[in-house]
Each structure stands twice: as C-alpha cells, then as structure tokens.
Amino acid sequence: MSAATMRAAVLTAPGECSVQEVPAPVASAGEVVVDVERVGVCGTDVEFFTGEMAYLHEGHARFPMRLGHEWAGIVRAVGDGVDPAWRGRRVMGDTMLGCGRCRRCERGHQHVCADRQEVGIRGGRPGALAEQLAVPVTSLHELPGNVDPALGALVEPGGNALRAARAAALTPGDRVLILGPGTIGLLTAMFARATGAEVHLMGHTAASLAFARSLGFTAWTERELPDVAFDAVIDATNAAYLPARALDLVEPGGRVVCIGLAGSPSHIDTRTLALKDVTAVGVLSASPGLAATIAAYATGQVDPRPLVAATVGLDRVGAVLAGAPIAGAGPGPKVHIDPRSH
Ligand SMILES: [Zn+2]
Ligand SMILES: [Zn+2]
C-alpha cells in the first residue's frame, strides 16, 4: 500500500521553488488536517525566497521549506482528542504556535513564546502552500458563512493590521498617517477608517498612491506631505529611516506604531520620544487580533477584497515569489493562491 501524497510548493534554496508530490499530512493527536482553499503570498514569503529572512540566519528556519501562513480551508480529518464536529468547518489558523507551557504562553502571549513554531515560517512547521495542511486544533478560528475563502485568507494579515490600528488608540476625528501603502498599510488604513479617524497614507510609487486613493484614502509622497498635525503615525514599511521620521511627524502626546521591519536597525532619538511625550508601540503577529478581524469582515465593517490582485494555481507560486507580472492582475498588492486550481 502506498501512502497518500499531495502537491505542495517546496522552496529548496533561495530562488528555487517548485511543486512536488509530498506525503499528505496525517492528523496527529490534538491536530486537524485541512483541505486548503486559499493562501495569501506576503512579504515574509518573498524574504524566504530571496534568502534574506532573518530566521534563516538565526537557525529558526532552514531549507527545504514549505511556505504559506495566510490561509483558509475546510477541516478534512481530526486527530485523537479533537472534537469530530470540527470536520467540514471552514477555518483559518493562527500562524503562531506557542509551546503552551511557558510563562509567556500561560499569560496569553503565545505569539512571543521562545519555543514557538510559526506555520510556514519557523521551527520546521510546513505551511499552507499545498493541497493540505496539518495544524493544532487550538490554533483554529471558525469562519462564519459570509466569510469566503478569499476573506478567510485575509484574516491573518488583517489581524496584524487591526492590532496596528488599535495600538494607535484612535478616536473619531483623530488624524492618522500610515507610512507604506502595501497590504499591511492599506489594511491598517481600513481598520483605522472604521474607528472614525481621518486616514492619510504615504508612499512613493504613483501606482500605489493611485490605488490607495481609489480606496478612498488621502495619499501623499514624502515630499508632498502637508504640514498638519498627525495624532498617530504607523510605520508599515521596510525602510530603516522611517521610524525616526514617524517620531518627528507625530503630534506631541501622540502615538507611533511600528509594524514594518527593515533589513537593518532603525534608530530613534529617545529624547524626542520623551520630550514629545509620545507612546511607541511594536506589533508582532495577528494572534490577539484574529477573532476581532473575522468579526469586522463578517459584518462588512472592513472589506479587504479589493486588495487581491489575482488568484492563481500552485504552479505559479515560484513566479509570484519572484515578482513576475501576472496577466490580467488588478492593481492591489496581494496575490492569492488556490491550491485546487491548475
Ligand atoms: Zn504574511
Ligand atoms: Zn511557550
């Protein structure tokens, strides 16, 4: 008897991604196997493809790797100790899998557990760019009927964005500036708008600014930025100099939120932080924001679907990671993969 196999995108070395037949996952105790319906490709995946991702250099990840952490799918099989009622439910899952036993995990901070795995990212846990995915049942969030696979695969980046918007502590009438009109910047802008704030974005390509404007946001280049008071500034870029610029731009008494990561250290002058009485917040991961993101999508308070430029099959993952243009793609920054389509 031969074991079941499935198709999965495998990253064997920087720049080398191919679809391979691999053993299909089996649901072990406490875990489920999901039929993957939709997967988002994001900047983290691209960093693994280029080999720049810090985890590769710190020993938290190594090739060959199976990427994919922004996903939605249907529970196909359940392992020992898992309620069979999960079978057939549409779900998404937390990327962060804490050990569940340490002080941080016990205090609800499993997303910064020192021994955590991250689905498709860290600790050898295979990701969702495949026909099937195995994850712990404790990481699952059930999706309501009106949250389709495309929305479901946008919950993970949305959770990051929701947390960034919340960290800015916006109240109606506040003015917020978001640096970087990529997926996270635009999603953060959507969650910020839902609080009643006046939302501005800063970017540098004409196409990204035009797309931000098409979503109803005010968008500027750095040079055009008006001299107005920003109650909060959120950095969603990978530019090392922008956290310091955010601190310069924010109103005294305001907030600076850092969700972007640069390839080299970003320095800020803490005298400015103190003298302006600014609160600075760092955000890693969607974990504490997933349930609220699903609720915002289900009610239509936030609709991120315009961000998806195209949905393509698994064989296109390598090309997508390499940044190849996709025929017929829309202007949004996000590409989705449907592992069932060829
Ligand atoms: Zn991501
Ligand atoms: Zn832990």
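A salt bridge is here a side-chain nitrogen of Lys or Arg within 4 Å of a carboxyl oxygen of Asp or Glu. This is a predicted model, in which local features need pLDDT of at least 70 and side-chain atom pairs count only at pLDDT 80 or more, while totals for chains, interfaces and linings use all residues. Residues are numbered from 1 along each chain as its sequence is written, chains are lettered from A and ligands numbered from 1 in the order in which they are written, and side-chain values use heavy atoms, with hydrogens and water left out.

**Salt bridges**

Select Arg116 and Glu118, whose side chains meet in a salt bridge with 2.8 Å from N to O. Both residues of this pair, Arg116 and Glu118, are buried, a word that stands for under 20% relative accessible area, with exposed meaning over 50% and partly exposed in between (1.4 Å probe, protein chains only).

Arg89 lies in the loop between E4 and strand E5 (90–93) and Glu142 in strand E9 (residues 140–142), so the pair ties together parts that are 53 residues apart in sequence. Helices (H or I, at least four residues) and strands (E, at least two) are DSSP runs, numbered from the N terminus. Arg89 is partly exposed at 25% relative accessibility, and Glu142 is partly exposed at 43%.

Then select Glu37, Arg90, Asp338 and Arg340, which are linked in a network of salt bridges; the structure holds 14 salt bridges.

Which protein atoms are the donors of the zinc ion (ligand 1)? Cys42 (SG), His69 (NE2) and Glu70 (OE) are its protein donors, lying 2.1 to 2.3 Å from the ion, where donors are N, O and S atoms within 2.8 Å of the metal (3.2 Å for Na, K and Ca), and sites may look incomplete since water is not among the atoms. Along the chain, the donors of this zinc ion (ligand 1) follow the spacing C-x26-H-E. Cys42 lies in the loop between strand E3 (31–41) and helix H1 (43–50), and His69 in the loop between helix H2 (54–58) and strand E4 (70–78), so the pair ties together parts that are 27 residues apart in sequence. Cys42 and His69 are buried.

Cys105 is buried at 12% relative accessible area, and Cys113 is buried at 0%.

**Helix H5**

Select residues 155–167, the 13 residues of helix H5, which at 1.5 Å a residue should span 18 Å, in agreement with the 18 Å between its end C-alpha atoms; the expected span is 1.5 Å times one less than the number of residues. Eleven of the 13 residues are buried, so H5 is largely enclosed by the rest of the structure. Among the buried residues of H5 are Val155, Asn160 and Leu162. Just after H5, Ala169 takes a positive phi of about 50°.

**Strands E14 and E15**

Finish at strand E14 (residues 250–258) and strand E15 (residues 279–282), which pair in the parallel sense over four bridges, pairing here requiring that DSSP finds at least two bridges between the strands. Within this pair, Val257 stands opposite Val281 in E15.
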